[in-house]
Amino acid sequence: MSNTSTDPGASATGAPDVAVRLRGIGKTFPGVVANHDVDIDVRRGTIHAIVGENGAGKSTLMKILYGVQKPDSGTIELDGQPVVLSSPSDAIGHGVGMVFQHFMLADNLTVLENVVLGAEKLHGIGDGARTKIREISAAYGLGIEPDDLVADLGVGARQRIEILKVLYRGARIIILDEPTAVLVPQEVDELFDNLRELKAEGLAVIFISHKLDEVLSVADEVTVIRRGATVSTVPADSVTSRQLAELMVGSELPSPSTELSTVTDVEVLEVVDLHLPDARGGRPLLDGISLRIHRGEILGIAGVEGNGQAELVEAIMGMRPDATGRIELNDGDIAGWSTRERREAGIGYIPEDRHRQGLLLDAPLWENRVLGHQTREPNIAGPFIDRRGARDDTERIVREYDVRSPGIDTLARALSGGNQQKLIVGREMSSEPSLLIAAHPTRGVDVGAQAAIWDHIKRARRDGLAVLLISADLDELIGLSDTIAVLLRGRLVGTFDPGDVTPQQLGSAMTGATDEEETA
Amino acid sequence: MTGSRMTRIALALAAPALALVTAFLITSLVLILAGDDWLGVWSQILSWPTNRTMVNIVNSATVYYLSAVAVAIGFRMNLFNIGVDGQYRIASFAAAWVAGEALLPGPLNIVLALLAGMFVGAMWAGIAGLLRVTRGVSEVISTIMLNAIATAVVAYLLRKVAVREEGSNIISTKPLPEGSRIPGIPFLGGEIYGFVVIAVIVGIAYWVLLNRSRFGFDLRAAGQSESAAVASGINVKKMMLVTMLMSGAIAGLVGLPLLFGQAYAYGSTFQSGLGFAGIAIALLGRNHPIGIAIGALLFAWLDQQSNPLQILLDVSPDIVKVTQGVIVLTVVIAYEVVRRYGVRLEQRHVAAALDPQFQQKEVSA
Ligand SMILES: Nc1ncnc2c1ncn2[C@@H]1O[C@H](COP(=O)(O)OP(=O)(O)OP(=O)(O)O)[C@@H](O)[C@H]1O
Ligand SMILES: [Mg+2]
């Protein structure tokens, strides 16, 4: 750490207010051009959004600005000075910080410990650091207590810690890659308030999102990227989200169709009195959950992340051996079954964390097609893997779900986040499941692909698919579900008819604002 | 397409070649610093072996091969079986003892002894597997300890079993009956172990099982990402245990070429240390059955060709241990260097191929 801690405020006499100037940035990966001649100016004291289809090259561009990837061509200027960023610590030295979509916090440490980790030299690890954290938190309205344990905090707070971490290291330019994907609307509003504080203090904020309405509500300027190249940069108040979407895709968007109910009275999944104790002895993770889903029905589960969604899904998938209660699939008791038996019985599973649970990142796409379906057609021939069959079916998924990839031998790691998600959805929808457990099925996919995935799900529902849908996106929940149940602190606290519930009503039920008093 | 295939093969060979050159340079440096006749050493090692040495190379490579495959099975599932050494010694003893008892006639006795060896090897490794699965004990630690315990157990049991032998100061198990030896295969005027055939079968079975079967898919998936494996329905704990058992079973074969083709009994002079060479060779061969075969031949070549160094040049043959060690270290680095170079090469290719197309798009947009 020998950087000469430049003070960007003082040295910025050259260029008036452009904090970041990217010129002609190019980056090629095996088989794809991720960035090509990208030009962007981000002014100080503004929020600059970057939008584009899945695989357009947004994350790659930000990784270049953060020193994670090296550009093949082009120049970066920060506050008017040309710089070469060859590592994140370089970038931080120049006042650039990045918050990744996957948080990097240690659960069993306090906020203070997490923040100072790796930056012990700045303000020490004791009271100096504590004071500094309080200062930053107060200055930007982050509301963070240095001595809280990270394990006890929700997603929104964790994200604010990540932002604080970046500020603590002296960042004046903050990059957020899809920060809102994991947040419920209230948390999104809070985050945006924080971002406005940052910009009021003269920082530059760059953020990536697929939710165009959000983008327009918070950003000052929007840059659209298509197939690696900048299409245009427009002031946020001069476009509509429809126009943005059309700029992104280069054509008009298909409009989503309205649907009639297809719910039947044939029960597919019945869960009765599901309990899951907390291994650390706290409040039960799942507390007396009962629900049923019929053929052709989508049951939506609303809730702030961390209220038991992950546990509910994993219990139904047989990944939580401590869970007690009855689980019936097509009238057969499956409570004692292994995960594999449940999958074979016709449960498709879109996990919430695609990197940890959904993919083998270092395996090619076609092997990822086999994952989770390695005992079934078309992937097997007797005791052997049927490479031909699996590869052909992967080609089909790539085609039908518009997975943008140089080929099916590409490693899953090399796909953009949204394209990884499309591959998983396509895989789980194949082999005609009778029940689909879908946790955030469209997380990180662009608007066009989101509509396509919704169509796929709706079509399967018409053919009798039952779906348990977990989502942080209330529009998705309301648009797809036949019934919505709210999960709060491990309990189902109410059901709503999506036909006449507003996001506001759902939101307050999710945060417990309308909840009766807690049972001890 | 064939062009890119050729490039891929060339790149695959570049890494080991790079490692060999580096190892050659470093070994030479050591020799020069020590004031030894470094040119003489290399001209001996790189000279074409005599027929007799060639036979020894093949024999020794057979043993190394089995050892490396045993280690590689564990590697594919992210398990570090350092205990191949203890597993093969205790298994060889068991096989020798069973075979010496001659419970069944002729060839059947061989089969019985092979099975006994594989079974004991599997069980010994299974202890480590069980500790890992039930108690979370790292297999690295437990297999190292089990190596030490195996030494003691074999010494103790050998004394018990060998007591009945008379008139010799080397204690060993009862020698195999004539009919239970595996005949050699004529080769360059000498004979190589008949066990070579079994080693080849093991290599093929390893490849088919790991790369083509459903079971192998589960094993590799569990090795790559435990959490994704669990979500896909794999019982990861069972997989760990089974992998350890398989690794141990193959380890149980390691000493048997010696037993059935040369020593005909397990005694206190039975060759040890073969398990550690296996780790190095598995790394060198990247867990690939052919790569491992080449690595095993290379190690065996260095071993056998360095034997006369003491007499010819007054240089300790241990110098090739330096070479072998450096190869293993550098091969890891070399693979990474070559991989990066390959990525750069491909990037240039793609950029060149796509650029005109891109310019067109820009104009039309
Ligand atoms: N490490 C990598 N190796 C190879 N190709 C890569 C790598 N990272 C990204 N790519 C490719 O570069 C292109 C751009 O990817 P990038 O992640 O920047 O997209 P994105 O705009 O962030 O998309 P998303 O909205 O889906 O997150 C994609 O085609 C992707 O497959
Ligand atoms: Mg991305």
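**Figure 1. Val150(A) sits in the loop between α6 (127–139) and α7 (155–168) of chain A.** Helices here are DSSP runs of H or I with at least four residues, strands are E runs of at least two, and both are numbered from the N terminus. This is a predicted model, in which local features need pLDDT of at least 70 and side-chain atom pairs count only at pLDDT 80 or more, while totals for chains, interfaces and linings use all residues; side-chain values use heavy atoms, with hydrogens and water left out. Residues are numbered from 1 along each chain as its sequence is written, and chains are lettered from A and ligands numbered from 1 in the order in which they are written. Is Val150(A) buried or exposed? Val150(A) is buried, with a relative accessible area of 0% (buried means under 20%, exposed over 50% and partly exposed in between, using a 1.4 Å probe and protein chains only). Leaving aside residues up to four places away in sequence, Val150(A) touches, among others, Leu105(A), Leu109(A), Val111(A), Arg158(A) and Ile161(A); contact means heavy atoms within 4.5 Å. Arg280(A) is 130 residues from Val150(A) along the chain, and their C-alpha atoms are separated by 15 Å.

**Figure 2. Helix α2 (residues 58–65) of chain A is largely enclosed by the rest of the structure, because six of its eight residues are buried.** The buried residues of α2(A) are Lys58(A), Thr60(A), Leu61(A), Met62(A), Ile64(A) and Leu65(A). Look just after α2(A) for Gly67(A), which takes a positive phi of about 80°.

**Figure 3. Helix α16 (residues 417–429) and helix α17 (residues 447–462) of chain A cross at roughly 10°, their axes coming within 11 Å.** This makes α16(A) roughly parallel to α17(A). Axes are lines fitted to C-alpha atoms, for helices over the stretch in contact, and angles run from 0 to 180 degrees between N-to-C directions; angles under 35 degrees count as roughly parallel, over 145 as roughly antiparallel, 65 to 115 as roughly perpendicular and the rest as oblique. From α16(A), Lys422(A), Val425(A) and Met429(A) meet Ala449(A), Ile453(A), His456(A), Ile457(A) and Ala460(A) of α17(A). By class, this contact has six nonpolar residues, one polar and one charged (Ala, Val, Leu, Ile, Met, Phe, Trp, Tyr, Cys and Pro count as nonpolar, Asp, Glu, Lys and Arg as charged, and the others, Gly among them, as polar).

**Figure 4. In chain B, helix α5 (residues 106–135) packs against helix α10 (residues 236–251) at an angle of about 150°, with the axes 7 Å apart.** That makes α5(B) roughly antiparallel to α10(B). Residues that α5(B) brings to the contact include Met118(B), Gly121(B), Ala125(B), Leu130(B) and Arg132(B), while those from α10(B) include Lys237(B), Met240(B), Leu245(B) and Gly248(B). The contact of α5(B) with α10(B) has twelve nonpolar, four polar and two charged residues.

**Figure 5. Chain B is divided into domain 1 (1–36 + 315–365) and domain 2 (55–312).** Domain bounds come from an automatic or database domain assignment. How far apart do the C-alpha centres of domain 1 and domain 2 of chain B lie, and what is the answer in Å? The centres of these two domains of chain B lie 32 Å apart. Their contact takes 13 residues from domain 1 of chain B and twelve from domain 2 of chain B. Chain B as a whole has 15 helices and two strands, and buried residues make up 48% of its 365 residues.
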